[in-house]
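Try each task yourself before you read the solution.

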Amino acid sequence: METPGSQSSLHRANLERVLKAVRMAGSLTQAEIARSTGLSAATVSNIVRELSEAGTVVVTPTSSGGRRARSVSLSGDAGIVVGVDFGHTHLRVAVGNLAHRVLAEESEPIDTDASADEGFGRAETLVARLLEQTGFAPGKVIGVGLGVPGPIDVETGALGSTAILPGWTGIAPAHELSQRLGMPVRVDNDANLGALGELVWGAGRGLGDLAYIKVSSGVGAGLVINGQIYRGPGGTAGEIGHITLDESGPVCRCGNRGCLETFVGARHVLGLLQASHEPGLTIPKVVQLAQRGDLGCRRVIADAGRQIGTGVANLCNLLNPRRVILGGDLAEAGDLVLDPIRESVARYAIPSAARQLSVVPGTLGGRAEVLGALALVMSEMVD
C-alpha cells in the first residue's frame, strides 16, 4: 500500500513525470528527460530500464550534439488515443498512438444548426470507422480528447452560453460522448486545444509561454503558461473575443456591445463585402481573393488585423507571452493579416513586452484542434 511520502509513492511520481515528458515530446534522449523533469541521470536511467522491460517505452540508439545517446519513445503498442473536434461547420476525428504518430484522420462538414444528438451520433460513427480502418479494438483506446467551440464550465462540464454551436448550450459534451463510446473523454474548448496542438506539434514547440488566437466564426485564445494550458478557476480564461473595443458598437452574442468578435468574426467581415462582391462568400474565399489582389478583401482583412492586434496588445501587457500564434480561417491570409496585428501591438503594447513578442501563423492549419485533442489525452489522462 502506498502512503504519501513513501518510497513507492515517490517512485510512482517520478515514473509518471518521465512518462509525461516523453508523451508530450514524442521522443527524448535520457539527458533531455533528466533536464525536463529535474530528475538525476541515474534515476532516469533506472526508470527508463523499468519501462522498457515492461514494454511501455522503446529505447533506440541516436546521437545528440555529436555524442552517442539513447532516444526514448512510447511504444506504439502501449495504447491509442482518439481526438474529436467539433467546429462551427465541421467535424474532424483522428486516431493516434502514444508515439505521436497519427494513424488515421478524417473530416466532414456538419450543419451549423445540427443538434448535439446528431453531432455526437456522427462522431460515434466516425470514431468506429477509423478504429476499424486502423485495426484497433475499442478496448485499446486509453482516452478520447474532445474539442468544442465554446467555454466549458469546470464544475458542471457543461458548454457555456457563448458557444458557437446553437442549441448546444448546457450540454455536458464529455459525458454525452463517453456514454456513446464507452470510453473516458476529456473535453476542452477549441482555442485551448489549438494552443496545445501548436505547443506539441507546431509553431509553439519548445516554448513555455504562448497564446494561440483562433479567428473564425468567433474569436478565442488558448493560453499556455509555464508549459501548461491556463483555464482559470471557471474555465473561461482566454475569452479574448469578448473584450470591449467600443461600448456603442454592435451587440455581441454574449450580450455586450462592441466586443472584439463583433469586428473580426466571420459574420462581420463577410457583411462588409456583401454589397461589393457576389453572394456565397466565405472567409477562405475572401482570403483567396485578397491574395490575388482584390482591394476590398485586402482592406477588410487589414482592418480585422488591426482590431485583433489591439486585443493581442492587451494580452501582451497582461501576460507577456513570448509568442502569439494565429490560427483559424483568417490566419491563411499570412502577412496580409499578421502585419496589421504587429503594427497594433507595436503601437499599444508596453515596448519591452512588444520587443519580446513574435506574432506568427500556426503551422497545423485546420488540424491544430484535433491534434490538440490527442495531446490532451496524452498529457492529462491517467496512465
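**Exercise 1. Find where Asp 117 and Arg 180 sit, and say how their side chains meet.**

Step 1: Asp 117 and Arg 180 meet through their side chains in a salt bridge, 2.5 Å from N to O. Here a salt bridge is a side-chain nitrogen of Lys or Arg within 4 Å of a carboxyl oxygen of Asp or Glu.

Step 2: This pair ties together distant parts of the chain, with Asp 117 in helix α4 (residues 116-134) and Arg 180 in helix α5 (residues 173-181), 63 residues apart. Helices (H or I, at least four residues) and strands (E, at least two) are DSSP runs, numbered from the N terminus.

Step 3: Asp 117 is exposed at 54% relative accessible area, while Arg 180 is partly exposed at 28%. The cut-offs are under 20% relative accessible area for buried, over 50% for exposed, and partly exposed in between (1.4 Å probe, protein chains only).

A quick word on the model: it is predicted, so local features need pLDDT of at least 70 and side-chain atom pairs pLDDT 80 or more, while totals for chains, interfaces and linings use all residues. Residues are numbered from 1 along each chain as its sequence is written, and side-chain values use heavy atoms, leaving out hydrogens and water.

**Exercise 2. Are Lys 214 and Glu 369 buried or exposed?**

Step 1: Their side chains form a salt bridge at 3.8 Å, N to O.

Step 2: Lys 214 belongs to strand β9 (residues 210-215) and Glu 369 to helix α13 (residues 368-380), so the pair links distant parts of the chain, 155 residues apart.

Step 3: Both Lys 214 and Glu 369 are buried.

**Exercise 3. How far apart in helix α1 are Arg 12 and Glu 16?**

Step 1: Arg 12 and Glu 16 lie four residues apart in α1 (residues 7-25), which means about one helical turn separates them.

Step 2: Arg 12 is partly exposed at 40% relative accessible area, and Glu 16 is partly exposed at 31%.

**Exercise 4. Which residues of helix α9 are buried?**

Step 1: In α9 (residues 283-291), the buried residues are Ile 283, Val 286, Val 287, Leu 289 and Ala 290.

Step 2: Looking down the axis of α9, these residues fall within an arc of 165 degrees, so they line one face of the helix. The arc is taken from the directions from the helix axis to the C-beta atoms.

Step 3: Their cover includes α8 (266-272), α10 (295-319) and α11 (335-348), where contact means heavy atoms within 4.5 Å.
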